[in-house]
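Student: Could you take me through this structure, please? I would like to discuss the sheet, the helices and the aromatic rings.

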Amino acid sequence: MDPINARSTIDAAASSGLGIPVERRRRLSPAALAVTNQKVRPAYSPVVITGIVRAADFVLLSLIGIALYLGYVARIDGFSWSYIAAIPAMSATAVVCFQAADIYDIQVFRGQLRQMTRMISSWAFVFLLFICVSFFVKLGDSVSRLWLASFFFVGLTGLIAGRLLLRAVIRRWARDGRLERRTVIIGSDTNGENLINALRAQEDSDIEILGVFDDRNDSRAFDSCAGSPKLGKVDDVLEFARRTRLDLVLFALPISAETRILAMLKKLWVLPVDIRLSAHTNQLRFRPRAYSFLGKIPMLDVFEAPITDWDLVMKWLFDRIIGGFILLLASPVMALVALAIKLDSPGPVLFRQKRFGFNNERIEVFKFRSLFHDQADPMATKVVTKNDSRVTRVGRFIRKTSLDELPQLFNVVFKGDLSLVGPRPHAVQGKLQSQLFDEAVDGYFARHRVKPGITGWAQINGWRGEIDNEEKIQKRVEFDLYYIENWSVLFDLDILFKTPLALLKSENAY
């Protein structure tokens, strides 16, 4: 088994014959329900937080240095660009030194003495370095001593004040659980106990162990593992993750349990979470770079949650900025469509339809009404077909041109439950003949590992409109998974620019 090769495991899952029938909800155990009923706040990314703190340090120091220069030196000696260039350089050097001193770490932010002593020594080193450089390039006489001393002490005061504020904010977020990785352990046996004890023995750990799951019901699976309750079988993880925030799944099984691990991965790979295999009890050792580490515990990465940290920030900004711009441009067209619908047939202009969103959560998407009001089908239990009598005259045109989808821009810009680009959200009762989509295609719900979109890679490649055979839904899933694995902002832009051309090829849109 190659636990590092996530792509091969996905292929194995797609051919395993194991569907993920989310609509047939599993009944969770009382212990699992107790966890899911707890109030859980959204998590904040430590990577993004530390990146923002770096940028804030740079901006703060640059502003202090420039303000002191303009308030004192420039008024006496006149304006000089050499100062303006030197101040950002000193600020950038300070950020680099802070990084080298390991100050930019969430656990360090929580403390006080350690981060303050490291920060003061690093800031002093920056000034010693600046003084040495000024001496060797013979600029020492042209640098104001008063400005230099003021910059050091005022800058240090600003940094200390900022760190005290940051410490209070980080501690509050920690109390709210926003910085914890909510984790479940797979394997309720001795291996699971060893892993849980090792995780709890680490200082300043951000791992919150919710409980354990196991694929066995006999005496080999403990009811309680190192004080953590058994929450159910592995099949229950999918429903558990749907009801509460889950960030990390850790396998406590030995690598030798290859068959069991693969069988469970075929069920869990559709989740938008990190999945790792513990290697701390395995005698087989790989090179250090093959591991990721939770503290000092080696792990083998099997799957990673897609579009996280700064990628998620970039996609959020892309949706809000580009989506808002498109909404502004489309407003006149949307007004004309709304007027045409109102004049064509009685009933509301918009209707809401239940669809699957991120992590299989139910969302309501807005659409222009294209069916007669008394024949509306918000659950999409009956697929719209060619020459369907339920479709109005205006409805035929807006469905053919996809103008009926324009109100979903409100979902993107204001509600935030859709993206501009992503796998198209299907109706919760969407069917291929008599089968729900998840029954017709293995691994169907892996499409929901990211937020759904108004347009997508499948749509611009011709897989849009009516789904009347197995190939069409399989191709949609195939193209959607490719998009998830290869996402980038440039990929989103490419899909967005090609969407109008794809709309001209509307053979399947009725």
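Tutor: The discussion below goes from the sheet to the helices and then to the aromatic rings. Please keep in mind that this is a predicted model.

Student: In what order do the strands of the open sheet come?

Tutor: Eight strands make up the open sheet, in the order β3-β4-β2-β1-β5-β6-β8-β7, and their pairing is mixed. At the edges are β3 and β7 (292-294), each of which pairs on one side only.

Student: In which sense do β2 and β4 pair, parallel or antiparallel?

Tutor: Strand β2 (residues 207-214) pairs with strand β4 (residues 228-233) in the parallel sense, over three bridges. V212 is found opposite K230 in β4.

Student: And how many bridges join β3 to β4?

Tutor: Strand β3 (residues 224-225) is joined to β4 by two bridges, and these strands run antiparallel. S224 has P229 as its bridge partner in β4. The two strands form a hairpin with two residues between them, and A226 in the turn has a positive phi of about 55°.

Student: What about β6 and β8: how many bridges are there?

Tutor: Four bridges connect strand β6 (residues 274-278) with strand β8 (residues 297-303), and the two run antiparallel. The partner of S278 in β8 is M299.

Student: Which strands does helix α8 lie across?

Tutor: Helix α8 (residues 190-200) lies across β1 (181-186), β2, β3, β4, β5 (248-251), β6, β7 and β8. Its direction is at about 175° to β2. Helix α10 (residues 258-268) lies across β1, β2, β5, β6 and β8, and runs at about 165° to β5.

Student: Let us change topic. At what angle do α3 and α4 pack?

Tutor: Helix α3 (residues 46-77) packs against helix α4 (residues 81-100) at an angle of about 150°, with the axes 9 Å apart. Angles over 145 degrees count as roughly antiparallel, and α3 and α4 therefore fall in that class. Their crossing is right-handed.

Student: Which residues meet there?

Tutor: On the α3 side, the residues include R54, D57, F58, L61 and Y69. Those they meet in α4 include Y83, I84, I87, P88 and F98.

Student: Why is α9 described as largely enclosed?

Tutor: Seven of the eight residues in helix α9 (residues 236-243) are buried, so the rest of the structure largely encloses this helix. The buried residues are D236, V237, L238, E239, F240, A241 and R242.

Student: Now the rings. How many aromatic pairs does a search of the whole structure find?

Tutor: The search finds 18 aromatic pairs. One of them is F127 with F151, an edge-to-face pair at 5.6 Å centre to centre with 70° between the planes. F127 lies in helix α6 (residues 113-136) and F151 in helix α7 (residues 145-175), so this pair ties together parts that are 24 residues apart in sequence. F127 is buried, with a relative accessible area of 6%, and F151 is buried as well, at 0%.

Student: Why is the pair of W457 and F479 called tilted?

Tutor: The ring centres of W457 and F479 are 6.4 Å apart and the planes are at 45°, so this pair counts as tilted. W457 belongs to helix α15 (residues 457-460) and F479 to helix α16 (residues 470-485), so the pair links parts that are 22 residues apart in sequence. Both W457 and F479 are buried.

Student: Which residues form one aromatic cluster with F127 and F151?

Tutor: W123, W147, F152 and F153 form one aromatic cluster together with F127 and F151.

Note on methods. Residues numbered from 1 in each chain as written. Predicted model: local features only at pLDDT ≥ 70, side-chain atom pairs only at ≥ 80, totals over all residues. Heavy atoms only, no water. Phe/Tyr/Trp six-rings, centres within 6.5 Å; stacked < 30°, edge-to-face > 60°. Buried < 20%, exposed > 50% of the residue type's maximum accessible area, 1.4 Å probe, protein only. Pairing = 2+ DSSP bridges. Axes fitted to C-alpha atoms, helices over the stretch in contact; angles between N-to-C directions. Parallel < 35°, antiparallel > 145°, perpendicular 65-115°, else oblique. Left-handed = near helix turned anticlockwise from the far one by under 90°. Contact = heavy atoms within 4.5 Å.
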